[in-house]
Structure formats: structure tokens, C-alpha cells
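Please open the structure in your viewer and keep the selection tool at hand.

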Amino acid sequence: MRDLFARLILKSYSLLFLFSLSACGGPNSFSASNSASTAAKSERSQGSVDGKKALEPVDTEIIPEQEEREMDESEEATEPNITPNFISISCENNPEKMSLALERTEQNLLSISGEVCPNPLAENPNILFMVDVSGSMADHRNSFFGPVIKGSDPLVNGSCGRYEAIKTIISKASNGIATRGAEAALLLFSSKLNSNSIMFTDLENFQNTLTPQRVCIADGTTNYEKAFDTAQKWLSLAAGDHKIAYFISDGMPTESNSILGNFFPDAIISRSIAAGNRMLLFEYQLQFFQIFLGKPNPQSMSVMKKIAGPKAKDNIREVARASDLAQVISEFSIIELSTDNLSLNLAGSPVAITKLEETEKGASPKWTWEAETIMLPESLNNFKLEFELIHPKIEDHRQIIIDVDLISE
């Protein structure tokens, strides 16, 4: 009993010491007091301890809730307002001089951001579609008595995925603001070059010639080598400065230009890859996009990557359904931008672009950018902001000049 009494006395002194520290003040005093009070209430709610009455909490001075709230509001009121002014340059801004008035803030901070929507098809583009029309595109049998295998992209309700994909790209190109001199071609291949192919011609004539019946066909085997060799010749004769090729196939190459090589599958693949490499080496500035149509096939993807080499990057896609071809083909990025293509100057001094992100892909892409936050000199009353986008494949490069006045309240 004597030991129990000693423990209770010791515990009381401990609580008194804790609350004495709390009464000394400081930012943590209220939370510490609140914690001790909660502990005491917990002991009281548990009834007796070791058959004895639980200790009553020691009274201490607690800051009233109203005083705490007033103190918090006072502290918040003294915090500085650090929200900067901002200027946003959208794609809708005209490429000419504009005037803008900004209210001067206490810190005089300025945040600048914007977007660019370059028209990459403005520079006399040549668009080549290399499309597989082998027998596997339609319903077929692998043997005379074998079961019917569903085709990758048969003619259904007067159309097919390959036709819709080509039409989508041509439609986007035709709606560009500067498509003068643009041409398109259609290279249909199976065992050999199909007679339905269309040599490079202007967009209007290409659209008038393009029909589902012309594209949605299926016959023969798959000769990549013939397709790449023919594409190289066609592209070399094209006069445009911006060349783009889309390659669509549903299977591995099964035939080559070599009669002897056709007896060795590995030789067919090697010759096909070599032909693709030659085309890209000869047309080293060609933008080459590949789509594999059908069930995911690691071997086919491996062949496509070896064809494209270092240019493979994000330019290869797998599409399980032909109905998705149009969507996927339109998502390829026709142009690649970096912060080096953007120039921003404030009062004659360069401002760093800190973020650049492609938010919309395809033939009509959109990029958003952000610049470092600027602290304007207090003596500055007005300044000129100059923004420019320059890219070798964009003819109508973008330039905006904004005259800005800073006004006081």
C-alpha cells in the first residue's frame, strides 16, 4: 500500500510538471495542454486503477477557443500576398502587336505561360501511305479444307479501317491553313505492288481518286521489301520539303524480291529489314510511322523496330481492331518541339521556358508551355514582351509582341 501511494504522488508531480511547461507559452503550448487533458480524461473514464479512485486531472489555464481563432486570423492576415500577375498567350492570339494593362502588386511578380498550335503541314508536305492489302486482310483459309479465319480488315458496310485512316489524315491536311504544294500517294502492296496504287498527286485529286473499293482489298502474300524499295523511288521523286510516310500491315513479311530467299523465312525478314533501313537512310529526314494491325505480336513489333532503327521511338503502334486505325494514326506527332524552338524576351532580356508539354497530338497538335516567374523592378512602369516559335518544318512561324503597362491601384 505504501508503494502504491508513492506511485500516485509521483504521477501527480509528473502531471504538474507537464502543465507547468505548457503554461510557459510558445506555439506548442496549447497542443501540449490539450494532450495532457485528454490523457487525464481517459484515466477518469476508466474508473478505478488497482482498486483505487483514478486521479483527477490537474487544472491548468487553456487558451479559450475564441482567442485561439482570433490569434490564427491575425497571423493569417499578416502573411504576404504572393500571388503573381500572369500573362497567358493562347493559340487564338493574333500574331501582331497587342497592348495589355496589369495592376501592380506588392511583390511585382509576373507569371507567363501559353500554348502553341503549329501547322506542321504548311511546308509543301508529301504524305505517303504504305498499306498492306495481302489476303489476310479479308476472311480466308490457311488451307483448302481449313476453317475460315476472320480477316484483319475486310470491306464491311462499304468501308474498312484502312480507308478511314487514310481519309482522316488527308482531311486534316486539307484543312491546314497553308497546304499549298501538298501532295499525297497511296502504295498498296501484297506479293507485289498493287495496280490500285496512286502516285504522288495534289490533295484534291488524291481525295477524288481515293475510294473504299480501291483500298479495302485483299490478295496475295506480304512483301515488305517490294514496298520499301518502291517507296524509296517515289519519295526520291517527290519535290516537297516535308516528307511523311504511314506504314500499315497485319503480319510478318512472308515474301521477298529474291526467289531463292523465299524458301528461307529468316532471309525474308532480313531482306525486309534491310530494305526499310535503306529507305530511311536515303530519306533520312523522312517521318516514318508504323502500325501493326491485329493481335499483339512481339515478333512483328521487333521487325518494325529493327526497320525504323533509332527513329522507332514513339512512332510504332499496335492496333487490335481495324475500326481504331483512324484514331491511332491521327495521334502520331507530326512535329517535335523542344524549348529551344521557343523564344521569350521581356524588356529585351531572355526569359527561360521551364516547361513544354504536348497536350494534343497528330496533324493538328497543341503544346502548352510555362516560363520562370519574374520579379519586375519597382521602377518599371511598362515593358515589351516578345514571344516567338521557330522550327525548320513550320513555315508560318509564330511571333507575338505585347506592350504591357503596370498601373497602381
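The stops below go from a pair of helices to some charged side chains.

Before you start, note that this is a predicted model, in which local features need pLDDT of at least 70, side-chain atom pairs count only at pLDDT 80 or more, and totals for chains, interfaces and linings use all residues. Residues are numbered from 1 along each chain as its sequence is written, and side-chain values use heavy atoms, with hydrogens and water left out.

**Stop 1**

Select residues 224-237, helix H7, and residues 265-282, helix H8. Helices here are DSSP runs of H or I with at least four residues, numbered from the N terminus. How do H7 and H8 pack? Their axes lie 8 Å apart, at an angle of about 10 degrees. Axes are lines fitted to C-alpha atoms over the stretch in contact, and angles run from 0 to 180 degrees between N-to-C directions. H7 and H8 are therefore roughly parallel to each other, a label for angles under 35 degrees.

On H7 the contact residues include Tyr 224, Phe 228 and Leu 235, and on H8 they include Ala 275, Met 279 and Phe 282. The contact of H7 with H8 has seven nonpolar, four polar and four charged residues. In this grouping, Ala, Val, Leu, Ile, Met, Phe, Trp, Tyr, Cys and Pro are nonpolar, Asp, Glu, Lys and Arg are charged, and the others, Gly among them, are polar.

**Stop 2**

Select Glu 225 and Arg 271, which form a salt bridge with the closest N and O atoms 2.9 Å apart. This pair links distant parts of the chain, 46 residues apart. A salt bridge is a side-chain nitrogen of Lys or Arg within 4 Å of a carboxyl oxygen of Asp or Glu.

Buried or exposed: which is Glu 225? Glu 225 is buried, with a relative accessible area of 4%, whereas Arg 271 is partly exposed at 32%. Buried means under 20%, exposed over 50% and partly exposed in between, using a 1.4 Å probe and protein chains only.

**Stop 3: two more bridges**

Next, select Arg 321 and Asp 324, a salt bridge at 3.2 Å between the closest N and O atoms. Arg 321 is exposed at 52%, and Asp 324 is partly exposed at 27%.

Finally, select Lys 366 and Glu 360, whose closest N and O atoms are 3.9 Å apart in their salt bridge.

Methods: Helices (H or I, at least four residues) and strands (E, at least two) are DSSP runs, numbered from the N terminus. Angles under 35 degrees count as roughly parallel, over 145 as roughly antiparallel, 65 to 115 as roughly perpendicular and the rest as oblique. Contact means heavy atoms within 4.5 Å.
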